Amino acid sequence: MELKGKRIVLRPYLKKDERRLAELANDKTVSRFTRIPCPYKLKDAKNFIKSSNYNIRKKEEYPFAITLNDEMIGGVSLIRLDKRDNRAELGYWLGKPYRRKGYAIEAAKLVLDFGFRKLKLNKILVSCAKQNNDSKRLIDKLHAKEEV
Ligand SMILES: CC(C)(COP(=O)(O)OP(=O)(O)OC[C@H]1O[C@@H](n2cnc3c(N)ncnc32)[C@H](O)[C@@H]1OP(=O)(O)O)[C@@H](O)C(=O)NCCC(=O)NCCS
């Protein structure tokens, strides 16, 4: 399962991503606003990749590696799939050197398209902390409908 964008490709995590995932995710700017813990060790990356593929097989979650020339640069996922109400939540992060280049918005749009068209979801929730201005700008660009 591959989702191709103009510059990036989203694909399931592979064993060869372990080292890069451990390097890029081990960063306080990532852990601050995500569920990714810091420190993030190679062991954590290995466990995550194993469970992410299991979750895709079970259709429980859809975690994709964001790749550039087949090199992982971040992650984007549909999580908390609610099969009864056909809903999910969107999550994303990029390794620090890859931010502010439009890769996250490209990844988010690809996954939203996958969620709505392929998985036939009715609703995909996206949220961020008040102080997370980078994520807030991205959400604005997605034209998400605000809910209070
Ligand atoms: C949130 C996060 C993914 C946003 O990443 P990002 O790279 O800023 O997001 P985008 O892909 O939307 O890129 C937008 C920026 O790229 C710039 N850009 C440069 N080239 C571009 C191109 N070809 N196309 C589009 N945008 C481009 C845009 O001008 C924009 O800059 P601006 O924010 O100064 O206006 C990133 O900050 C991150 O990983 N944060 C830590 C984890 C996190 O907070 N995750 C979200 C939890 S809710």
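This report describes the fold, the sheet, the nonpolar core and the ligand surroundings of one predicted protein model.

## Basis of the description

Because the model is predicted, local features are described where pLDDT is at least 70 and side-chain atom pairs count only at pLDDT 80 or more, while totals for chains, interfaces and linings use all residues. Residues are numbered from 1 along each chain as its sequence is written.

## Overall fold

The secondary structure of the protein chain comes to five helices and six strands, where helices (H or I, at least four residues) and strands (E, at least two) are DSSP runs numbered from the N terminus. Along the sequence these elements follow the pattern β-β-α-α-α-β-β-β-α-β-α.

The C-alpha atoms fill a box of roughly 35 × 35 × 30 Å, taken along the principal axes. Of the 148 residues, 28% count as buried, a residue being buried if 20 or more other C-beta atoms lie within 10 Å of its own, exposed if 12 or fewer, and partly exposed in between, with C-beta atoms placed from the backbone. Among the contacts with a separation of 6 or more, 53% join residues 24 or more positions apart, and two residues are in contact if their C-beta atoms, placed from the backbone, lie within 7 Å.

## The sheet and its hairpins

Strands of a sheet pair through backbone hydrogen bonds, either parallel or antiparallel. Here an open sheet of six strands has the order β1-β2-β3-β4-β5-β6, with mixed pairing. Strands β1 (3-4) and β6 (123-125) stand at the edges, and each has a single partner strand, so one side of each is left without a neighbour in the sheet. Two strands are said to pair if DSSP finds at least two bridges between them.

Strand β3 (residues 62-68) pairs with strand β4 (residues 71-82) in the antiparallel sense over seven bridges. Within this pairing, P63 has S77 as its bridge partner in β4, and F64 stands opposite V76 in β4. The hairpin of β3 and β4 has two residues between the strands, and N69 takes a positive phi near 50° there. Strands β4 and β5 also pair in the antiparallel sense, over seven bridges, with R87 in β5 as the bridge partner of D82. Their hairpin has four residues between the strands, and N86 in the turn has a positive phi of about 55°.

## The nonpolar core

In soluble globular proteins, nonpolar side chains tend to be buried together. The largest nonpolar core of this model holds 30 residues, of which L10, I66, V76, A107 and V111 touch the most other members; such a core is a set of buried Ala, Val, Leu, Ile, Met, Phe, Trp, Tyr and Cys residues joined through C-beta atoms within 7 Å. Two or more residues of this core come from each of α1 (18-25), α3 (42-57), β3, β4, β5 and α4, and the largest share, six residues, comes from α4.

Leaving out residues up to four places away in sequence, V111 touches L10, F64, V76, L78 and L90. L78 lies in strand β4 and is buried, with 21 other C-beta atoms within 10 Å. Beyond its neighbours within four places in sequence, L78 is in contact with residues including E61, Y62, A88 and I124.

N55, in helix α3, counts as partly exposed, with 17 C-beta neighbours inside 10 Å. Apart from residues up to four places away in sequence, N55 touches E60, E61 and P63. The C-alpha atoms of N55 and S77, 22 residues apart along the chain, are separated by 11 Å.

## Around the ligand

Of the 20 residues around the ligand, F33, G102, A104, I105 and D134 come nearest, a residue being near a molecule or strand if its C-beta atom, placed from the backbone, lies within 6 Å of it. At least two residues of this shell are supplied by each of α2 (28-31), β5 (87-94), α4 (103-118) and α5 (133-141), and α5 gives the most, with four residues.

The shell divides into ten nonpolar, five polar and five charged residues. In this division Ala, Val, Leu, Ile, Met, Phe, Trp, Tyr, Cys and Pro count as nonpolar, Asp, Glu, Lys and Arg as charged, and the others, Gly among them, as polar.
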